Amino acid sequence: DDPDQNQGLRQHLDLLRFEDGILSVSLESACTMTFVHVDTKRADVATDHDDVVGSSGPEGEVDVRLEPGDVLFMHSAARYEWTHGIAARRKDVWEGAEIERGRRVSITLRRMCKAGWNLEED
């Protein structure tokens, strides 16, 4: 049993020092990523979902199933108006089926804003 496979990823917006457009590739195990609109007044995100792709759960919340090899590209409103995260749990519920999680690896590509480099000018 790999304890890292259940860690999850807290709800967050990527730092503003990165340019618009964040690309992420999911590898190894599938998982469900939850997007929560920033205007939603919620202290925490529910951990048990049975939503299907394209449908929303609690108000202002949408689950997206990420399979190995899937590419996620967040920009514009998805980048700045929706937090994203992965609940820490051993199983996801998707389309009514419980799916055991394994180890997930993600490669995320971001480009730092020139102003965010904080380098001294010559």
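**Contacts, core and surface of a predicted chain**

Apart from its neighbours within four places in sequence, His 12 is in contact with Thr 83 and His 84, contact being heavy atoms within 4.5 Å. The structure is a predicted model, in which local features need pLDDT of at least 70 and side-chain atom pairs count only at pLDDT 80 or more, while totals for chains, interfaces and linings use all residues. Residues are numbered from 1 along each chain as its sequence is written, and side-chain values use heavy atoms, with hydrogens and water left out.

His 12 itself belongs to strand β1, residues 9–12. Strands (E, at least two residues) and helices (H or I, at least four) are DSSP runs numbered from the N terminus. With a relative accessibility of 14%, His 12 counts as buried; the classes are buried under 20% relative accessible area, exposed over 50%, and partly exposed in between, with a 1.4 Å probe and protein chains only. The His 12 side chain also reaches the backbone oxygen of Arg 10 at 2.9 Å. Such a polar contact is a pair of N or O atoms within 3.5 Å; within protein, one must be able to donate a hydrogen and the other to accept it, and residues adjacent in sequence count only if both atoms are side-chain atoms.

Turning to the whole chain, its secondary structure comes to 1 helix and 9 strands, arranged along the sequence as β-β-β-β-β-α-β-β-β-β. Of its 122 residues, 32% count as buried. Among contacts between residues at least 6 apart in sequence, 82% join residues at least 24 apart. Gly 85 is buried, at 0% relative accessible area, and beyond its neighbours within four places it is in contact with Leu 9, Arg 10, Gln 11, Thr 32, Met 33 and Thr 34.

What makes up the largest nonpolar core? It consists of 8 residues: Ile 22, Cys 31, Met 33, Phe 35, Leu 66, Leu 72, Met 74 and Ile 86. Elements giving two or more residues to this core are β3 (31–37) and β5 (71–74), with β3 supplying the largest share, 3 residues. A nonpolar core is a set of buried Ala, Val, Leu, Ile, Met, Phe, Trp, Tyr and Cys residues joined through side-chain atoms within 4.5 Å. In soluble globular proteins, nonpolar side chains tend to be buried together.

Two loop residues provide a contrast. Asp 39, in the loop between β3 and β4 (61–66), is exposed, at 56% relative accessible area. Arg 101, in the loop between β8 (97–100) and β9 (104–109), is buried, at 5%, and its side chain reaches the backbone oxygen of Arg 89 at 3.4 Å.

Finally, the accessible surface of the chain comes to about 7900 Å², 51% of which belongs to carbon and sulfur atoms. These areas come from the Shrake-Rupley method with a 1.4 Å probe; for residues, only the protein chains shown count as cover. Leu 27, in strand β2 (residues 22–28), is partly exposed at 31% relative accessibility.
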